[in-house]
Amino acid sequence: MNKTDALIIGAGPTGLFTAHQLKLIGLDCEIVDNLDKIGGQCIELYPDKPIYDIPAVPECTGEELTNNLISQLKPFDIKFHLSERVEEVKKENTNWLVKTSNGNTFLTPNVIIAGGVGSFEPRKFVPKGCEQFENKSLFYSVKDKSIFNGKTVSIFGGGDSALDWAIELSKNCKINLIHRRDEFRAAQATVDKMQELVKSGKINLFTKYQMANAHGDQTLESIDIKHDNNEIKNLKSDYVLGFFGLIMQLGPIADWGLNLNKKTIEVDTEKFETNQKGIYAVGDICNYPGKLKLILSGFHEGALAARACFKLARPSEKYRFEFTTTSSNLLKRLGKKE
Amino acid sequence: MFYILALFFFTPILLTMAKITYITHDNTKYTIEVKNGLTVMEGAVQNNIPGIDADCGGGMACATCHVYVKEDWFNKIPKEQDGEDDMLDMAFEPKKNSRLSCQIIVSDEIDGLEVKIPPKQS
């Protein structure tokens, strides 16, 4: 059982800056995120895309923003729990008992949900026949590429993941690459490399096709793909890989007794507290009159939620407002003063 | 007096609406007057039409306001931004006539537009 002053759900920009604010005012915190890396949507959806509306940062990419936030946390010791999803949040006296998908438990007076639009899950194939092969012959990510050696692999998608894997696996496998249109959104160099391999016969390319069905008894034998003009082709396949990007699911958050408005959580604008005492929501996932889904709004919301946490984590102390420019307390915490 | 007259004169222009028909997966038709300048996504969300999630709030950063635009209309409404097709790759069952409804801006030109909402968004 981990005891902490505050548990943050979500390691995106808002979660990271909220951690900074908590540590700065002298509270402990730990962060849980379903992704295997820090950065949330910034790193998963737009690592290379420039952002122009972070105050005092004229231009930075999602990855740069994440790296800067991580380096801002350097003075502090913060425990990250990645590839872990929070499953359950239950009241236990004045604390919340939090359980994750990896069986970790936390006891904390404060839970801050900085979950964006929920947790990322892979977008799956639609045809019903596909589900029975999931995690056997059909995957949405590659864990051990050696299982594909010498086999026929059908890869779906037009982004970097689909093309990178098509190129990589074409060394040792027979590859079918299937995409719903002629244009690819992967990096140009990757598209060029793929086209070369198509020319040399290493990759069979099928564009304007989508998955129609999967056949096989226990193991996958073949798939049907359907052209825009409804023509159907059958492709022998030992394995199928689908790379349609990630979708965001609210997931278990919906079951914690919070006031929800569509996929967002209602909060007040003083503490960013939900209808449950000690549970806060900040960043894209929170909702209040006038809410803007901007990163800068998340920073503000996190700073205020952190101050609210102080009251529940240190009930006998009084929070005193201080500036990092002048407070020796804060400078000590930042490692700038002995 | 002039101002009052001016108000009467201009108000109808400012509030010009276009009729947009949303057809849900179960074939229920909703015909709504949507203010010019809003997006087809906003028209749906503000009128509680089921089936359009718009998780990202209209920023073309997700694919949960996906609609099918009737063929004759599809060619009349150009895609304004390059990234829309990339985003549509990640939509639920994208087709040739798929659009993100947050990228269709309501104007007199699209008065009478019909869009079909897919069975789900995510």
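**Entry 1. Conventions**

I worked from a predicted model, in which local features need pLDDT of at least 70, side-chain atom pairs count only at pLDDT 80 or more, and totals for chains, interfaces and linings use all residues. Residues are numbered from 1 along each chain as its sequence is written, while chains are lettered from A and ligands numbered from 1 in the order in which they are written.

**Entry 2. Chain A overall**

I first took the extent of chain A: its C-alpha atoms fill a box of roughly 70 × 40 × 40 Å along the principal axes. I then listed its secondary structure and found seven helices and 24 strands. Helices (H or I, at least four residues) and strands (E, at least two) are DSSP runs, numbered from the N terminus. Of the 338 residues in chain A, 41% are buried. Here a residue is buried if 20 or more other C-beta atoms lie within 10 Å of its own, exposed if 12 or fewer, and partly exposed in between, with C-beta atoms placed from the backbone.

I looked up the domain assignment next, its bounds coming from an automatic or database domain assignment. Chain A is divided into domain 1 (2-121 + 247-333) and domain 2 (124-244). The C-alpha centres of these two domains of chain A lie 38 Å apart.

**Entry 3. The largest nonpolar core**

I defined a nonpolar core as a set of buried Ala, Val, Leu, Ile, Met, Phe, Trp, Tyr and Cys residues joined through C-beta atoms within 7 Å. The largest such core has 113 residues, and those with the most contacts inside it are Ile112(A), Ile113(A), Ala166(A) and Tyr280(A). Helix α6 (residues 295-313) of chain A gives the largest share of this core, nine residues. Both domain 1 (2-121 + 247-333) and domain 2 (124-244) of chain A contribute residues, so the core lies between them.

Beyond its neighbours within four places in sequence, Ile112(A) is in contact with Ala6(A), Ile8(A), Ile9(A), Thr18(A), Tyr280(A), Val282(A) and Ala305(A).

**Entry 4. Tyr239(A)**

Is Tyr239(A) buried or exposed? I counted 21 C-beta neighbours inside 10 Å, so Tyr239(A) is buried. Tyr239(A) belongs to strand β19 (residues 239-242) of chain A. Apart from neighbours within four places in sequence, Tyr239(A) has contacts with Ser137(A), Phe148(A), Lys151(A), Val153(A) and Leu220(A). I also noted that Tyr239(A) and Ile175(A), 64 residues apart along the chain, have C-alpha atoms separated by 9.8 Å.

**Entry 5. A sheet in chain A**

I traced an open sheet of four strands in chain A, in the order β1-β9-β8-β7 and with mixed pairing. Strands β1 (2-3) and β7 (86-92) of chain A stand at the edges, each with a single partner strand, so one side of each has no neighbour in the sheet. Strands pair if DSSP finds at least two bridges between them. β7(A) pairs with strand β8 (residues 95-100) of chain A in the antiparallel sense over six bridges, and Lys91(A) stands opposite Trp96(A) in β8(A).

**Entry 6. Chain B and its sheet**

I found four helices and five strands in chain B, running α-β-β-α-β-α-α-β-β from the N terminus on. Of its 122 residues, 34% count as buried.

Which order do the strands of the open sheet in chain B take? I read it as β2-β1-β5-β3-β4, with mixed pairing. β2 (29-35) and β4 (98-100) of chain B are the edge strands, each with a single partner strand, so one side of each is left without a neighbour in the sheet.

I then checked individual pairings:

- Strand β1 (residues 17-23) and strand β5 (residues 113-116) of chain B are parallel over four bridges, and Ile20(B) stands opposite Leu113(B) in β5(B).
- β3(B) and β5(B) are antiparallel over two bridges, with Val69(B) opposite Val115(B) in β5(B).
- Strand β3 (residues 66-69) of chain B is joined to β4(B) by three bridges in the antiparallel sense, with His66(B) opposite Leu100(B) in β4(B).

**Entry 7. Where the chains meet**

Technical notes. Contact = placed C-beta atoms within 7 Å.
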